[in-house]
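Here are my notes on the model you sent. Please read them with the structure open.

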Amino acid sequence: MKPTNIGNPDYFHKVVDCQWACPAHTPVPEYIRLIASGHYSEAYMINWRSNVFPGILGRVCDRPCEPACRRGRVDKEPVAICRLKRVAADLKDDIQERLPVPPLKKNGKRVVCVGAGPASLTVARDLAAIGYEVTILDSGATPGGMMRSQIPKFRLPDSVIDEECDYILNLGVHTRYSHWVTSLRDLLDEGWDAVFVGTGAPRGRDADVPGRREAAAHIHIGIEWLANVAFGHTTSIAPRVIVLGGGNTAMDCCRSARRLGGEDVKVVVRSGFDEMKASPWEKEDAIHESIPIINMHVPKEFVHYNGKLKGVRFEIVRAEYDAKGRRSLVPTGEPDVLMECDEVLVAIGQENSFPWIEKDIGLQFDKWGLPVLETATLQSTLPKVFFGGDAAFGPKNIITAVAHGHEAAISIDLFCRGRSLLDRPPPMVNLVSQKMGIHEWSYDNQVSEEERKKVPVKALEKTLKDIKLELELGFDPFMACAEAERCLNCDIETVFTVKTCIECDACVDICPTECITFTANGEEDDLRGRLKAPANNGEQALYVSDVLKTGRVMVKDENICLHCGMCAERCPTGAWDMQKFFLQTAEAGTEARRT
Amino acid sequence: MTFLAKPNLLRPDTPRNTLGYTRRDYEGAISTLCAGCGHDSISAAVVQACFDLDIEPHRVAKLSGIGCSSKTPDYFLGASHGFNTTHGRMPSVLTGAALANRELIYLGVSGDGDSASIGIGQFAHAMRRGVNMTYLVENNGVYGLTKGQFSATADRGSKSKRGVVNSETPIDLAALALQLGATYVARSFSGDKEQLIPLIKGALRHLGSALIDVISPCVTFNNHAGSTKSYDFVREHNDAVNRLDVILPRDKISASYPPGSLRRIVQHDGSVLHLRKIDKDYDPSDRVGAMNYLQERHVLGEIVTGLLYVDSSAEDLHRHLNTVEMPLNKLQDDTLCPGSKALEALNASLRSS
């Protein structure tokens, strides 16, 4: 193999699995260390810069970082990254002074964002801070989009949404609430320099089975019902409720129903338990509230008596996989099941909908009804119009919407300055030694062996009675510190210098997970098989050095490195060093370096 | 130098031996030797050898004297018996232990000061008596704990870190062991574990006294230009006569060797030593030939490594003394004491009427 080019920022970025997995590339280990040392405001600001909504995401993020966490590969469970983020938000001081101050003199460019959800708010923040005049339009009376309308208050209180939306709106962003946009043509005629569409995926999919129309009074679309609950239009539900669907919306529906008077609430899903779209922790939360999840049941009919709902008839199926691994649900032949209920919540998916975009305006849509976009720039076929969030590539999650917002803001900025949208600014990268003394590092390199901490919750008797009462209490500072210490500091990288190595084997002997081998070079597959411990995880890189004095090379398997720094401590010549890799993605307004 | 203990987190695919132990289970406390010390590599080689041989840690007794080398038994086999004796007296304490309990595996760990200076008499007698032990010399040519004076194994003409040239003749412990009747004699290099680990395995399975002289560079005081025990010098002047593979009765032999390139030696316990020849004329069963070869190469400034001599039909001290199979420390009074009647009979036989 060729020597690894550690000059490429992607190499060490990939080693920081959590940051790499985060769509917004939040520097996770850096803020976790700040939490461990009690610097909550600093930790909050690192988050705020990258993911804009630390308090919100610290409660409801989809957490792509946690399955990626290196700790999960050596320990039972990954670091509770998401809930540590909440700690930073909960325990921070007043951060007003740390927020950017928009320039007094604007740059004269006007940008409009349609929808006041996470994607639009991110665009607004990034652009307002560098002198753009940004206006947000939304049909609702408050900002936040689906964060406010669909996520139940017992998971995400309004106060948190208000606070974090205000940080953005106070940058001088204009808002027009209760404002329906009915025509893109009209909007373009208003002469904006750029239009950002962040309207989400607002239409809930319906269950098209017999009885749907007749019993309509007792059957609700999940996201519409959740919005009605969120805004106080719906305050009760009948005792017996069936929730159809296995995603996170279904989990929010059933848990909300439990709080509004639902006594016998169950979730019925077509697929098996493990294939459900809901995150494992959201399923656990539903089960914790004694809500049964019934799998492998396909709804066949809403059974009613003159429009009065009796229940739902289900067909029992099993999963069969063809040679290509595609699943089909095949009836088992068992008799159908009638589950009695008074109301049904349908949470079987969301769709995009752009009724306000004229078909003849030059904005192309693909066969799934999604806008045709340049993936990297989020620009549509109408050069002035950009998309982001669920409106861009279909329903995903908040953190993806934020990442889109950042990219769209960069594109809009380049567009407004007449620059090529592909000339994107590079990330800010820094790599610096953490050595303080002979065995002193500027980070705590002792690997914690504590188990993952569970977030304390309020008693169910109380929280099931009040839909606005937040269930989770969040970590206290001591739990937060213990959990933060579980972080392996994957951003403190092992950096090897061939010139100074004397091949004494000290690093090989001390490495607790046998990551380091000195051996003859070879092709990657061959090398992976003959390291001190075989490197079976092909997704994780091998760090290969240049040729050493004995003709061998140093090969390090990044997969299970604990970043404990023992190799560097044992190295008599300093050939190994622990260096902190810090990467922040570019923000709108950053200049691309000319080389 | 590392002060923190190694974390206990293991990779999920950590290999286990037939006893269910991981390599980590054969480790000891965290080393306090200088970073890069060759001795730490030797400790790691002992760990690997015991792991590979499925040795139960409580069946090993590790004994040492005084010095950097003699500290190392603390850094491996944390679950084994250990005895840190006085300076140079490891061989006699070990001999006593081996006589009292023949059921343990004895590992003597010593250095060039401990064995070639203050303890050379002890070393000589352990070799000639054939104590059933593995005698590991961690040989760096200097007194590291007292800041790098030449030891008795330092080559004449080699330079100290401060530029002083050694004017005294070195003691070659491997040559001495050959002359004194050791039945398994090897030399190796701490920076070459591929060679060292099998040599330790072969020695642990050998019946009789086995000496391994391991050149182990002192990074702090003896790893400079002009030293003959530095990483660079040993790598450049290493004359390996053979490569060893230790084959246990349970192992399947998959490798094939060209004819004439391999020598098979069956040890008393059924383990097989596969010696891949590098020097095709070198005969590891010829004690006198081995002694001559060492001297010849030494004159040329070469360091001969590999399994230098092995006697597969060796006998140990217990056989020489014709002791009982039962470990002496387990013999009870009823076996040891013939009783008062026997005493009376004996006394009576000695009385002249």
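**Notes on chain A**

1. Inventory. Chain A has 22 helices and 24 strands. Keep in mind that this is a predicted model.

2. Overall size. Chain A has a radius of gyration of 26 Å. For 595 residues, a compact globule would be near 25 Å, so the value agrees. The C-alpha trace spans about 85 × 65 × 50 Å along its principal axes.

3. Burial and contacts. Of the 595 residues in chain A, 47% count as buried. Take the contacts between residues at least 6 apart in sequence: 72% of them join residues at least 24 apart.

4. Domains. The assignment for chain A lists domain 1 (110–202 + 352–416), domain 2 (205–349) and domain 3 (492–584). The centres of domain 1 and domain 2 of chain A, taken over C-alpha atoms, are separated by 31 Å. Their contact takes seven residues from domain 1 and nine residues from domain 2. On the domain 1 side, the classes are three nonpolar, two polar and two charged residues.

5. A helix pair. How do α8(A) and α19(A) pack, and at what angle? Helix α8 (residues 81–91) and helix α19 (residues 477–485), both of chain A, pack at about 140°. Their axes are 10 Å apart. The crossing is left-handed. From α8(A), the contact uses L84(A), V87(A) and L91(A). From α19(A), P477(A), A480(A), E483(A) and A484(A) take part. By class, the contact residues are six nonpolar, no polar and one charged.

Terms used
Residues numbered from 1 in each chain as written. Chains lettered and ligands numbered in written order. Predicted model: local features only at pLDDT ≥ 70, side-chain atom pairs only at ≥ 80, totals over all residues. Axes fitted to C-alpha atoms, helices over the stretch in contact; angles between N-to-C directions. Helix = DSSP H or I, 4+ residues; strand = E, 2+ residues; numbered from the N terminus. Left-handed = near helix turned anticlockwise from the far one by under 90°. Contact = placed C-beta atoms within 7 Å. Nonpolar A, V, L, I, M, F, W, Y, C, P; charged D, E, K, R; others polar. Domains from an automatic or database assignment. Rg over C-alpha atoms; globule rule 2.2 N^0.38 Å. Buried ≥ 20, exposed ≤ 12 C-beta atoms within 10 Å, placed from the backbone.
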